[in-house]
Amino acid sequence: MANQVKSDKDYSQYFQPPSLSDAKKRGKEEIAVHYDFHIPEDMQGFGKDKYYLIRTYGCQMNEHDTEVMRGLLEQMGYQSTEDKYQADVILLNTCAIRENAEDKVFGELGHLKALKAQKPGLVLGVCGCMSQEEAVVNRIMQKHAFVDLIFGTHNIHRLPGLLKDAFYNKEMVVEVWSKEGDIVENLPKKREGIRAWVNIMFGCDKFCTYCIVPYTRGKERSRRPQDVLAEVRDLARQGFQEITLLGQNVNAYGKDFEDITYSFANLMDDIRKIDVPRIRFTTSHPRDFDDDLIEVLGKRGNLVEHIHLPVQAGNTEVLKRMSRKYSREHYLELARKIKATMPDVVLTTDIIVGFPGETDEQFDETMSLYEEVGFDFAFTFIYSPREGTPAAGMEDNVPKEVKKQRLYRLNELVNAHSKASNEKLLGQTVEVLVEGESKNNADVLAGRTRTNKLIHFTGSKELIGQMIDVKVTHAQTWILKGEIVQKPLKVSI
């Protein structure tokens, strides 16, 4: 790819483009864990009196990667800004899961082109999952040559050095590792608010036929248990009220360990004993959701009764074409086991409609599965092919209008279930973590229940960050409304 850049400059020193063929490989080499990370001495004051802006697209994993980049930049002396005209560094942390996510990023690059022309000293970078795609990097190099820096998901820790190269070389710097990255501990993170995300593993080995993630995030590799537990304990000491454990497939955690036997169930059982009010996790794969994990989640405490369990489709043949590696019957039995252990559990899911070859009858099985499981909510998507995935080679033979009709029918069902689920809470008192002001009304507070339902209520701003009891007075499709329940004063005799 390097020969596509029209320049006499020797890029070999700092130009490492991604390779789709390399990204598909799953090597046997050991994943090293590094504990000696530090900002190079010559970069520690590099950002003094300068500002950075990071725009984040996509999932919680990307949000967490942004926290790491913010930590790195601030240790270099940079300050955060939301004003693109003030920024000296702008990074777009991108998502590759769907085509419209890429379109948004390329649209934003188009808007930033004029700013770059006005402010040549601005360092403009593209990072995240899109950067791991060979075709995307080619497109940026050919049509957006004003971009200064492209780096991927495996080498975020290299940001200080890459930024230095981009600043001094005045040429596009591309470093995207296609091999699986090692695990780098002790990276600085700039977290805000009362909720924290903690990566417990990286990558995915499931290779669902529609998904680009195994190529952009690499093979499954788990952090050592002691490192995860130490980070969670530190967050507990800092006063975080809710921690979400992150991974492309969290319940495959530990399966790559060769020297110890330690599973996701073991990790959850140990984290359960740490003094944090709420522990969540995302995303889980039905194939790896075992009985041991269900048993641990049934112990409750700080392990909340909300599980996001993507099903994607309700028909076994479609699931086979998706390479989901479970059947409709397996999923229904898993849901039954979870509900038997946790009768008040809230299950949410992801569903794709219009996958290649999906018939009306097969779609109807998705609808009936939704009814049978009784999901509270679903993220729903129309299938669109992603270049580089096996499904992209399948005939996309479900007409666009049919896809839209199926999505409409599914969303009608999702909305009805969501409203009915919320109405069951009318008159009940729920524990709420107060997150802040409502986005639409500064006089109203917003928080979430243990089952991740959004609730609005009036109260003092001093309650932000606290756990309170709220009585549900109104139930709408997407939100609850309520009134604070005043706890009786304890009288000492």
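## Buried cysteines at an annotated site

A residue counts as buried when its relative accessible area is under 20%, and in this predicted model that cut-off applies to Cys208, which is buried because its relative accessible area is 7%. Cys211, at 13% relative accessibility, also counts as buried. The UniProt annotation "binding site", taken from an unreviewed entry, covers Cys204, Cys208 and Cys211.

Cys208 is found in the loop that runs between β11 (201–202) and α6 (213–217), and Cys211 lies in the loop between β11 and α6 as well. When residues up to four places away in sequence are not counted, Cys208 touches His285, Met322, Ser323 and Arg324, whereas Cys211, with those sequence neighbours likewise not counted, touches Ile97 and Thr389.

## Helices α11 and α12

Two packed helices are described by the angle between their axes and the distance between the axes. For helix α11 (residues 328–341) and helix α12 (residues 360–373), the axes come within 11 Å and cross at roughly 15°. Angles under 35 degrees count as roughly parallel, so α11 is roughly parallel to α12. The crossing of α11 and α12 is right-handed.

## Residues between the two helices

On the α11 side, the residues that meet α12 are Arg328, Tyr331, Leu332, Ala335 and Lys339, while α12 contributes Glu365, Thr366, Ser368, Leu369, Glu372 and Val373 to the contact. Sorted by class, this contact of α11 with α12 has 5 nonpolar, 2 polar and 4 charged residues.

Note on methods: Residues are numbered from 1 along each chain as its sequence is written. This is a predicted model: local features need pLDDT of at least 70, side-chain atom pairs count only at pLDDT 80 or more; totals for chains, interfaces and linings use all residues. Side-chain values use heavy atoms; hydrogens and water are left out. Axes are lines fitted to C-alpha atoms, for helices over the stretch in contact, and angles run from 0 to 180 degrees between N-to-C directions. Helices (H or I, at least four residues) and strands (E, at least two) are DSSP runs, numbered from the N terminus. Angles under 35 degrees count as roughly parallel, over 145 as roughly antiparallel, 65 to 115 as roughly perpendicular and the rest as oblique. A crossing is left-handed if the near helix is turned anticlockwise from the far one by less than a right angle, and right-handed if clockwise. Contact means heavy atoms within 4.5 Å. Ala, Val, Leu, Ile, Met, Phe, Trp, Tyr, Cys and Pro count as nonpolar, Asp, Glu, Lys and Arg as charged, and the others, Gly among them, as polar. UniProt positions are given in the numbering used here, feature names are shortened, and annotations may be inferred rather than shown by experiment. Buried means under 20% relative accessible area, exposed over 50%, partly exposed in between (1.4 Å probe, protein chains only).
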